[in-house]
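Biologist: Hi! Could you walk me through this fold in plain words?
Modeller: Happy to, let's look at it together.

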Amino acid sequence: MKKIFILLLCFVTMKKITAQPDFSTYPVYKGTDLGLSYTKTASLFRIWSPTAIAAELILYKDGSNAGPLKTVQLSKGLNGTWFTKLSGDWKGTFYTFRVNINSAWSNELPDPYAKAVGVNGKRAMIINLKETNPVGWAADKSPAFSTSNKATDAVIYELHVRDASIDENSGIKNKGKFLGLTETGTKSKEGLSTGLDHIKTLGVTHIHLLPFFDYNSVDESQPGKQQYNWGYDPLNFNAPEGSYSTDPYNGATRINELKKLVATFHKNGLRVVMDVVYNHVADAKSSNFNQLVPGYYFRHRKDGSFSDATACGNETASELPMMRKFILESVLYWVKEYHIDGFRFDLMGVHDIETMNIISDELHKIKPDILLYGEGWTAGASPLPDSTRALKKNAAKLRNIAVFSDDIRDGIKGSVFEIKDRGFASSKKGMEESVKFGIVAASNHPQVDLSKVNYSKEAYSKAPWNVIIYSECHDNNTLWDKLSLSCPEASNEDITKMQELSLAIVLTSQGIPFLHAGTELLRNKKGVENSYNSGDSINKINWSWKSKNITTFNLVQQLIKMRKSHPAFRMTTNQLMRKNISFSEDSPAGVIAYAINGAAVKDSWKKIFVVFNGNAESKEISLPKGKWNIAIDTNKDVKISSGIISLQKYSAAVLYQ
Ligand code: CA
């Protein structure tokens with residue numbers, strides 16, 4: 001997630017603000033009925049607003065313009081809650097709340113727990129969730145992604161709902177919508193599969209979708225207008241985004257269509273990871289959190305202003321019991337109601353470790369093979385001490401949650417913050433240890449010199465499942481753009497080789513590999529570094545790339561297939577990696593070569609030899625003894641003779657015995 005609302009920060013800090021109340025004295029509500037509890041005979045509403053002196057529920061005929069049908073005074077309930085029960089069937093009615101604090105009424109808003117909302121999320125909607133289930137939903141099951149469903153068996157594909165289908169050449173009818181990803185048999189004009197079929201044939205196991213909860217920045221009432229956003233600006237955490245549905249006015253439609261997407265993915269052997277952004281809200285002051293309980297859900301500086309570890313104007317306070325409860329109940333809801341298979345936590349370093357571990361424990365209880373990972377960093381300083389937050393350096397304190405490795409990401413291609421910087425795959429010398437550190441999933445290995453690793457000078461992983469290995473994601477330049485911008489002299493042919501080498505490193509490393517959608521098609525964003533609102537022309541997957549770059553697609557498909565068939569690339573403990581991965585000590589500069597003892601981890605390949613040449617010229621590397629077979633040869637011109645392998649510039653090879 002990138003900086004979005006920097007101006008807001010300036011605005012907030014300029015204001016004179018007094019210190020916040022002592023939130024630790026606020027009562028904690030333990031019940032699980034916050035928000036709406038609907039049946040055909042009654043609707044029960046409950047909100048938490050401990051400092052309010054009065055609270056109201058306002059009912060409406062629609063989600064946008066209609067005047068109020070009725071206003072209902074809420075009764076004071078247990079532990080700071082306010083509630084009311086309306087008899088009868090209220091399905092189809094919309095609602096908001098407002099509270100009176102210090103004799104002033106708050107804005108009218110849906111409550112934070114709202115599960116269905118109308119257009120632009122301004123009003124919540126009373127629906128019967130059971131009626132949103134697509135046909136066969138009760139039998140929907142998450143597919144197995146390996147024989148044991150271990151996190152390291154996953155291959156993640158990070159995709160934005162709209163980018164997948166919006167291209168005119170996608171062959172997909174429901175362009176930009178949840179339903180677009182449920183279409184099968186779709187083809188580009190060149191006759192190659194697109195959308196879901198494309199992803200399925202690539203062989204990945206998990207589709208990680210960029211935010212699809214209801215976010216703020218796209219006007220859902222203007223579907224014809226050119227609008228675009230990644231969606232890292234949460235509005236209603238428990239409702240799906242309306243612009244991805246065919247009818248944003250009906251809160252049930254978006255739920256039904258998202259469930260259809262999940263069910264279709266599951267039927268096609270793919271699991272679904274949800275990108276969640278509990279670290280901040282689109283606008284703190286006007287948010288439902290802050291209107292109902294001023295200040296509570298956010299961290300503050302000493303002067304009382306919102307602190308801002310997210311660079312989006314605010315950061316939430318996961319360490320406070322009602323915020324922790326909110327996040328926990330929200331993720332449990334997405335798993336139970338939508339059958340979500342994993343979460344990617346945006347700026348996870350903002351959240352406290354204890355909250356993350358509670359979330360992980362509770363999620364694993366209901367879905368033992370759920371996949372959890374996050375960004376182990378923040379975008380600014382937080383008042384909560386580093387030692388208590390889910391930062392990369394604290395990864396080993398996280399239970400069954402992985403962190404992204406920026407060490408290997410930038411080791412491969414160069415710093416994402418310095419456009420001209422190069423990495424191992426683009427012939428920069430001295431990056432070998434950063435890449436080797438990634439190959440062993442950020443663990444301690446006797447042959448990795450941590451003092452030479454670009455960022456982390458200490459190993460931080462507890463096990464291979466603790467680390468996400470990647471070379472690009474939605475943030476920053478795409479790999480293609482980064483390589484092109486940092487190597488202006490290189491031909492497209494050479495950039496292609498560098499990208500293929502990069503992807504070979506990612507897909508052979510230990511840990512959990514992660515691919516940015518379209519990287520297998522040499523995706524570019526025309527050099528745009530931060531495309532969060534750059535529109536379709538920059539962000540879309542251009543399906544004509546596929547016929548042009550089919551060789552790269554085929555290579556990535558082959559790498560994924562190899563990884564999935566060979567446990568040697570998916571070791572489960574740091575000890576196994578230390579014992580069974582040995583790096584060649586006599587490799588030339590700019591070359592990494594290592595042997596894996598496949599037999600020791602029950603691989604059908606008894607010995608494996610992996611070689612990467614990041615140099616701008618060919619290199620010769622001595623091979624361990626024995627007769628070697630070639631499994632992967634990114635350049636199709638590897639030569640082996642008398643114990644020497646000759647590798648062309650920017651290329652990778654995997655050999656086996
Ligand atoms: Ca929205």
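Biologist: Which strands form the open sheet, and in what order?
Modeller: In this predicted model, 4 strands make an open sheet with the order β1-β2-β6-β5, and their pairing is antiparallel. Strands here are DSSP E runs of at least two residues and helices are H or I runs of at least four, numbered from the N terminus; two strands pair if DSSP finds at least two bridges between them.

Biologist: Which are the edge strands?
Modeller: β1 (35-38) and β5 (75-76), each of which pairs on one side only. β5 is joined to β6 (residues 81-87) by 2 bridges, and Lys 76 has Trp 82 of β6 as its bridge partner.

Biologist: Before we go on, what should I know about the numbering and the model?
Modeller: Residues count from 1 along each chain as its sequence is written, and side-chain values use heavy atoms, with hydrogens and water left out. As the model is predicted, local features need pLDDT of at least 70 and side-chain atom pairs count only at pLDDT 80 or more, while totals for chains, interfaces and linings use all residues.

Biologist: New topic: how many residues does the largest nonpolar core have?
Modeller: It has 170 residues, and those with the most contacts inside it include Leu 159, Trp 334 and Leu 515. A nonpolar core is a set of buried Ala, Val, Leu, Ile, Met, Phe, Trp, Tyr and Cys residues joined through side-chain atoms within 4.5 Å; buried means under 20% relative accessible area, exposed over 50%, and partly exposed in between (1.4 Å probe, protein chains only). Helix α6 (residues 321-338) gives this core its largest share, 11 residues.

Biologist: And what lies apart from it?
Modeller: Another core, of 17 residues, with Val 273 and Trp 377 among them.

Biologist: How do α11 and α14 cross?
Modeller: The axes of α11 (residues 492-508) and α14 (residues 550-565) come within 10 Å and cross at roughly 15°. Axes are lines fitted to C-alpha atoms, for helices over the stretch in contact (heavy atoms within 4.5 Å), and angles run from 0 to 180 degrees between N-to-C directions.

Biologist: Last one: is α9 mostly covered or uncovered?
Modeller: Mostly covered: 8 of the 8 residues in α9 (residues 432-439) are buried. They pack against several elements, including α8 (406-413) and α11. Just after α9, Ala 441 takes a positive phi of about 50°.
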